[in-house]
Amino acid sequence: PTSSLDDLRDACISVGVDVFLNSAVSDIHTQNNKISGVTVNGKKLSSPIVINTAGPWCNKINKMAGIQLPFTLVPTRIPVIYRSVPSLVSLEKCSLPHMCDMPGGIYFRPQLASGQLLVSTALEEDEKEETDPDQFNASIDPEHRQKLLNSFHHRLPQVEDTTLDKVTGMCGMYTMCHEDVHPVIGPTTLGGYYVANGFSGHGFKYAPCVGSLLAQHITQKKMPDDTKVDIEFFSPYRKPHTLPIKNVLA
């Protein structure tokens with residue numbers, strides 16, 4: 001995803017978009033119940049449209065805008081390990097698919113360039129550790145590491161014994177939407193202020209569709225390859241969707 005984001009940034013800059021890195025929003029400006037701009041790095045930027053795509057910082061931005069959404073959006077710490085298996089995964093060949101093992105509570109997918117499998121949790125119980133995005137601990141806990149390894153080797157016992165130099169780990173962040181693990185996307189009660197928050201681990205995959213949804217709604221124009229999904233399905237003021245499970249695969 002990092003390389004893809006670099007490409008998207010460069011493409012935006014090439015068509016005249018200003019991109020500010022490591023820049024915090026310190027204030028949201030409104031007038032007559034409509035958005036009028038934001039302050040970034042001490043500089044006020046005027047705009048009739050502001051879209052909150054701040055990920056785990058979304059609640060802080062919504063609070064600045066005076067917006068209270070009827071959904072609980074929680075920054076959540078998620079463990080991930082990387083298991084080296086170059087005999088099975090490489091740029092030249094890949095003998096393993098992207099797989100979810102619901103009885104074991106994990107999913108894994110190949111990382112071709114590094115010869116690794118990414119392994120993470122598919123259990124709702126492992127998606128409840130709330131965290132502060134400004135005080136985030138990205139190191140994986142030993143018990144999480146061992147739990148993921150045990151489940152992985154139970155599913156693939158033929159993989160050779162693990163040694164420490166073959167396994168690395170970290171923790172990432174989801175912004176979990178507790179009510180129905182679906183994102184909230186669309187306009188709010190503040191004119192010109194839009195949200196795209198609470199993706200529960202799917203933000204990068206959803207991004208092209210989300211951009212299409214918001215662009216159609218804001219411009220009132222439709223391109224030939226735009227999504228046909230109704231933005232109301234993700235409305236910030238919808239009734240929560242009913243689901244049998246509430247985890248990253250829901």
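What follows is a chat about a predicted model of a protein chain.

Student: Before I dig in, what kind of model is this, and how are the residues numbered?
Tutor: It's a predicted model, so local features need pLDDT of at least 70 and side-chain atom pairs count only at pLDDT 80 or more, while totals for chains, interfaces and linings use all residues. Residues are numbered from 1 along each chain as its sequence is written, and side-chain values use heavy atoms, with hydrogens and water left out.

Student: OK, how many helices and strands in the protein chain?
Tutor: Four helices and eleven strands. Those are DSSP runs numbered from the N terminus: helices are H or I with at least four residues, strands are E with at least two.

Student: And what does the C-alpha trace span?
Tutor: About 65 × 40 × 40 Å along its principal axes.

Student: What share of the residues is buried?
Tutor: 40% of the 250 residues. Buried means under 20% relative accessible area, exposed over 50%, and partly exposed in between (1.4 Å probe, protein chains only).

Student: Let's switch to threonine 131. Where is it?
Tutor: In the loop between β8 (116-121) and α3 (142-155).

Student: Is threonine 131 buried or exposed?
Tutor: Buried, because its relative accessible area is 18%.

Student: What does threonine 131 touch?
Tutor: Leaving out residues up to four places away in sequence, Pro75, Thr76, Arg77, Phe136 and Met173. Contact here means heavy atoms within 4.5 Å.

Student: Is valine 181 buried or exposed?
Tutor: Buried, because its relative accessibility is 9%.

Student: Last one: where is leucine 21?
Tutor: In the loop between α1 (2-14) and β1 (25-31). Leucine 21 counts as exposed, because its relative accessibility is 56%.
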